[in-house]
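Let's walk through this structure together, one region at a time. Keep the sequence and the 3D view side by side as you read.

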Amino acid sequence: MKAIVLAAGKGEGLRPYTEKEQKEAITILGKAIISHVLYGLKKAGIDEVVIVTNEHEKQIQEAINIDIPFETVRQKRSGITGAVLDGMDKIPDDEFLLAFGDIIAEPEFYMNLMNSYITGNSKAVFSLVPVSEGMQTYGLARIVDNRIEIVNEGSTLALAGAYIIPKGDFTDILEYFKKISPFSRYFIWSGKWIDIGYPEDLINAIEVLLSDLNNSIISDKAEISKTAVIGKKVIIEDNAIIDDYAVIKGPAYIGKNAYIGNYSLIRDYSSIESEAKIGAYCEVTHSLVEPRAEIGSKSYLTYTIVGRGAKIGASVITVSYPANPVRGRERKLGALISPNEEIYHGQIIGPNYRK
């Protein structure tokens with residue numbers, strides 16, 4: 001079976017960040033968001049993927065590091081419906097798997113979808129997931145007499161962003177879902193699942209991905225000072241450098257060729273991506289530092305996202321409370337710094353800051 005993966009959205013919940021980088025190309029634990037999706041699809045037996053993109057097409061192509069045959073198609077028709085139709089033009093089969101490129105879930109999520117299709121007698125299968133906050137940000141469904149109804153409110157079951165559907169003649173994908181849902185199979189997923197739509201989702205994704213890590217995974221190619229302290233549940237990739245007296249207190253991820261300076265502390269579900277540099281005497285907690293970003297010495301980052309290639313000056317402090325995240329369980333959210341932006345030395349940045 002072939003799959004259509006949607007990666008052409010505007011990423012409005014992450015603006016202005018997504019004006020420079022496509023949301024699905026953002027890296028978490030060394031892998032682009034869309035690569036998390038493609039990995040799951042490959043495990044589920046998908047043999048070919050059509051990825052619908054926009055003007056950031058090259059970013060998506062370069063971000064993919066999963067060995068699966070794919071081609072990209074530039075979206076021409078408008079909206080999600082248009083993206084699906086543009087992808088369908090490349091699908092010869094009667095049924096296909098439709099996946100949103102901004103979902104982080106275990107491979108079993110996609111495997112369950114495929115198994116429900118194979119073992120059932122329906123041409124359509126919907127994945128559903130329980131949600132507890134930000135209801136207005138999801139497409140919702142409810143189960144009535146063991147059948148699916150697509151609704152706008154009054155449910156805690158969200159459409160989970162991966163479906164097997166038959167090709168059809170439609171002008172609105174949601175209306176098409178409503179049309180076929182009464183005759184479709186469904187499964188409710190209770191495992192790891194995050195829809196990346198807002199800054200807090202990126203922070204939460206790090207926690208979800210590291211939550212099952214039982215032991216540290218440290219590359220023998222990493223350069224770790226004898227005076228550095230490496231805690232439990234830590235991943236350190238090839239050629240990372242952990243300098244004198246630095247402390248990596250897990251759960252945490254240190255990517256390939258990353259640098260952690262003298263006396264710095266990386267802790268509590270932080271992800272320092274490839275080639276990022278953390279200066280001396282820094283503290284980073286509950287934060288995502290994207291590839292090639294640089295953090296100046298004596299800086300403090302909390303609940304913060306630093307974009308690819310951004311530069312944070314020395315002695316910069318981010319403040320995360322009180323904030324008003326759309327989907328967050330806590331009132332904590334620091335800064336969202338776009339790719340290649342600069343924050344000058346000595347600034348104190350309040351909650352919900354975006355640049």
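Start at Ala8, in the loop between strand S1 (2–6) and strand S2 (27–28); strands are DSSP runs of E with at least two residues, helices are runs of H or I with at least four, and both are numbered from the N terminus. This is a predicted model, where local features need pLDDT of at least 70, side-chain atom pairs count only at pLDDT 80 or more, and totals for chains, interfaces and linings use all residues. Residues are numbered from 1 along each chain as its sequence is written, and side-chain values use heavy atoms, leaving out hydrogens and water.

Is Ala8 buried or exposed? Ala8 is buried, because its relative accessible area is 14% (buried means under 20%, exposed over 50%, partly exposed in between, with a 1.4 Å probe and protein chains only). Although 67 residues separate Ala8 from Gln75 in sequence, their C-alpha atoms are 7.0 Å apart in space.

Now look at a wider stretch. An unreviewed UniProt entry carries the annotation "domain: Nucleotidyl transferase" for residues 2–150; such annotations may be inferred rather than shown by experiment. Over residues 2–150, the chain is 28% helix and 30% strand, with its end C-alpha atoms 25 Å apart.

Finally, visit the loop between strand S24 (277–278) and strand S25 (283–285), where you will find Tyr281. Tyr281 has a relative accessible area of 49%, so Tyr281 counts as partly exposed.
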